[in-house]
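Student: I've got this one open in my viewer. Can we go through it together, question by question?

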Amino acid sequence: MPVMENTIGQLSANASKPMESKIAVAEYTPRGIRRDGLAGWRLMLIELAESRRLIWLLILRDLSVRYRQSILGYVWAIIPQIATVGVFAFLHASRVLPIGGTRIAYVAYALWGISIWQLFAGCLSSCTTSLVSSGSLVTKVNFPREALVIAALGQPVFDFFVRLVPVVAVFIWYGVTPSWGIIFLPFVLMPVMLLALGLGFVLSIANLVIRDTGNALGTVLTIGMFLTPVLYPPPVRWPFFLVNLLNPLSPLLTASQDLIAAGFLTRPEMFAVACVLSLVLALIGWRAFRVTIPRVAGYA
Amino acid sequence: MSTDTVISIEGVSKKFCRSLKRTMFYGVRDVACDMLGLTRHLSHLRRDEFWALNDVSFEVKRGECVGLIGPNGAGKSTLLKLMNGVTLPDKGSIRISGRIGALLELGAGFHPTLTGRENIHLSGAILGFSKDHMTKEFDSIVDFAGLEEFIDSPVKQYSSGMYVRLGFAVAVSTDPDILIIDESMAVGDAAFRKRCLDQIDAFIKAGKTIIVVTHNLQEIEKIAQRMLLLDHGLIRANGRAGQVIASYMNLLNTRKLLRKEFNEAAHEPAIEIVEVEVCGGDGARKSYFHTHDELRVIIGFKAYRPILNPVFRVQIYRNDGLFCHGMNTERHGIECGEISGEGTIILRYPDLSLLSGDYWVCVAVLASQYDELPIH
């Protein structure tokens with residue numbers, strides 16, 4: 001086999017190139033990176049920067065794999081959302097459910113709300129299952145495994161943009177003109193994703209150890225959707241507004257609605273708190289992930 | 001740690017839990033403690049836990065090829081995982097100088113629906129290599145794996161051998177300083193195994209360090225100068241390949257004997273083998289025989305009390321563990337009569353019908369001690 005000889009020649013020629021002067025030394029002890037403190041953060045940031053391409057490739061992988069064996073393909077990103085809004089539009093129109101007045105047409109309001117909610121819920125559940133679904137990659141290969149969790153955001157974010165198609169169509173149909181404030185929308189979407197990522201980091205680890213996490217999350221998210229003013233305007237009466245007040249996603253959702261309908265934030269202080277909370281949660285989740293992943297890699 | 005030492009493992013222990021439900025429970029507690037930064041007592045065993053690795057220490061120098069052998073569940077894969085940093089030890093420390101390339105599971109990280117081409121690039125990224133590097137190496141990877149025709153098919157349609165070939169090709173293309181291989185070559189066909197062994201040879205010549213886990217003792221003996229024998233999480237032997245393989249065979253035989261024959265109270269041996277000699281037809285000791293030579297196995301025994309018809313057993317194994325021949329006095333209807341005191345028994349093979357190779361002669365006497373002597 002001449003090809004084979006050739007290959008060995010190439011590979012070994014490559015292998016015998018002079019060794020680089022700097023040799024990486026790794027030390028593994030029971031304490032992991034906990035003792036590193038700030039140096040640990042620096043290491044995490046360097047590794048994150050180095051895994052940019054990996055994250056991107058993982059996102060592309062998920063996107064290209066998801067609908068390879070499917071006929072309707074990306075239409076599946078839209079169907080559940082339209083179905084839910086359709087049902088609630090019917091309940092609203094037939095006065096079965098007394099839903100209060102909304103600033104814009106109800107269907108547009110509900111469709112927008114559910115798009116934001118789906119972004120959050122999609123990110124959270126996709127992060128949570130990211131490690132378990134990667135199987136032996138987590139248990140057998142040593143690489144920055146947070147890349148798997150971060151890359152899990154790709155699919156739901158992409159779905160969000162797909163869902164904007166019916167949203168835009170409905171806005172045009174109902175003659176809703178978004179205010180110029182909509183250009184600040186990315187600053188609302190970022191904290192939504194960070195919030196999901198921070199929780200997702202912790203839940204992905206939990207899901208590795210106890211598989212109930214994934215099942216429980218589905219139920220919690222379903223209930224969560226009804227406890228967040230997605231399909232109805234935020235309640236104002238006591239004690240019902242408490243649910244809204246304690247829900248970290250509510251201010252973000254409200255802010256996005258504000259940007260579309262009014263162009264300014266009605267509750268900027270709540271929005272700021274939610275932003276800071278999201279960022280802090282994401283950082284804590286990331287660190288917790290890094291500290292525990294070598295411990296739980298055996299449970300996958 | 002001298003500059004030559006690339007892997008240094010000191011007093012490393014790792015525990016595992018037998019029960020899955022308890023694993024969950026302990027896991028939650030450990031994870032919670034880790035996240036909250038509390039110190040835990042790692043060094044004691046909780047219920048249902050055991051040491052998968054127990055106080056393991058050794059060093060590997062640059063340019064060494066070390067074989068890691070042992071029965072199933074000995075802790076070999078756990079040790080490799082620890083070296084690779086996938087999991088952390090519960091005690092001890094591991095120092096690795098240089099970049100590690102690990103094949104703990106070939107094709108780990110391959111996505112079944114992606115094509116071979118896409119998987120090569122993705123694996124490269126997972127292992128931390130740039131796009132340029134992978135593009136440069138792409139052709140040689142495909143060549144090495146011999147998958148030119150299938151490179152654009154999804155890997156779930158590959159045979160398991162093809163899967164393994166692609167995985168090995170990707171791993172060696174990353175040009176690591178230390179290569180860790182876990183029973184990976186077993187699935188490939190003969191031609192590919194040859195290619196892998198050649199590649200490993202080239203790695204050794206280039207001054208790289210290799211650690212191989214395998215159950216194929218014949219194959220490992222060809223490439224590894226040094227071996228480690230792991231059993232129940234302990235290092236039982238560490239040294240020259242031949243010696244360690246001999247201890248491994250000894251260990252396996254002991255297990256077999258223990259299971260089969262050590263049921264009676266054998267703490268005080270009734271009969272013991274004191275000496276075994278392997279001789280030629282002229283009665284002179286030798287360890288090198290030609291096919292069709294005469295072989296004599298001379299067993300010296302010592303009986304501590306009179307025994308009626310003790311059973312002597314002689315077995316011949318090839319060095320890869322293949323059982324070639326075995327006989328025992330009971331099965332062959334040879335009655336030794338009542339024996340007491342010291343004596344010798346001679347087994348003659350007038351026409352040794354073994355092909356060239358290294359063999360062991362294992363000698364045992366029933367319900368008492370066993371002994372064996374490796375010959376080369």
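Predicted model: local features only at pLDDT ≥ 70, side-chain atom pairs only at ≥ 80, totals over all residues.

Student: OK, so is the crossing of H4(A) and H5(A) left-handed or right-handed?

Tutor: Start with the geometry: the axes of helix H4 (residues 79-93) and helix H5 (residues 106-134) of chain A come within 10 Å. They cross at roughly 145°. As for the hand of H4(A) on H5(A), the crossing is right-handed.

Student: And how many charged residues does the contact of H4(A) with H5(A) have?

Tutor: Look at who takes part. H4(A) brings residues including A:Val85, A:Phe88 and A:His92, while H5(A) brings, among others, A:Ala110, A:Leu111 and A:Gln118. By class, the contact of these helices has 8 nonpolar and 5 polar residues, and the number of charged ones is: none.

Student: Moving to the chain pair, which element gives the largest share of the side of chain A that touches chain B?

Tutor: In total, 46 residues of chain A are in contact with 53 residues of chain B. Several elements of chain A supply at least two residues each to that side, including strand S1 (25-28), helix H9 (185-209) and helix H13 (268-296). By class, the side of chain A has 26 nonpolar, 12 polar and 8 charged residues. The largest share, 9 residues, comes from H1(A).

Student: What is the bridge partner of A:Tyr28 in S4(B)?

Tutor: Here a strand of one chain pairs with a strand of the other: S1(A) goes with strand S4 (residues 91-97) of chain B, antiparallel, over 4 bridges. Within S4(B), the partner of A:Tyr28 is B:Ile94.

Student: Now the sheet in chain B: which strands stand at the edges?

Tutor: The sheet is open and mixed, with 6 strands in the order S5-S6-S7-S3-S8-S9. An edge strand has a single partner strand, so one side of it is left without a neighbour in the sheet. In chain B those are S5 (100-103) and S9 (234-240).

Student: Last one: what angle does the direction of H2(B) make with that of S6(B)?

Tutor: S6 (residues 178-182) pairs with S7 (residues 209-213) of chain B in the parallel sense over 5 bridges, and B:Ile181 stands opposite B:Val212 there. Helix H2 (residues 76-84) of chain B packs on the sheet, touching S3, S5, S6, S7 and S8.

Technical notes. Residues numbered from 1 in each chain as written. Chains lettered and ligands numbered in written order. Contact = placed C-beta atoms within 7 Å. Nonpolar A, V, L, I, M, F, W, Y, C, P; charged D, E, K, R; others polar. Pairing = 2+ DSSP bridges. Axes fitted to C-alpha atoms, helices over the stretch in contact; angles between N-to-C directions. Left-handed = near helix turned anticlockwise from the far one by under 90°.
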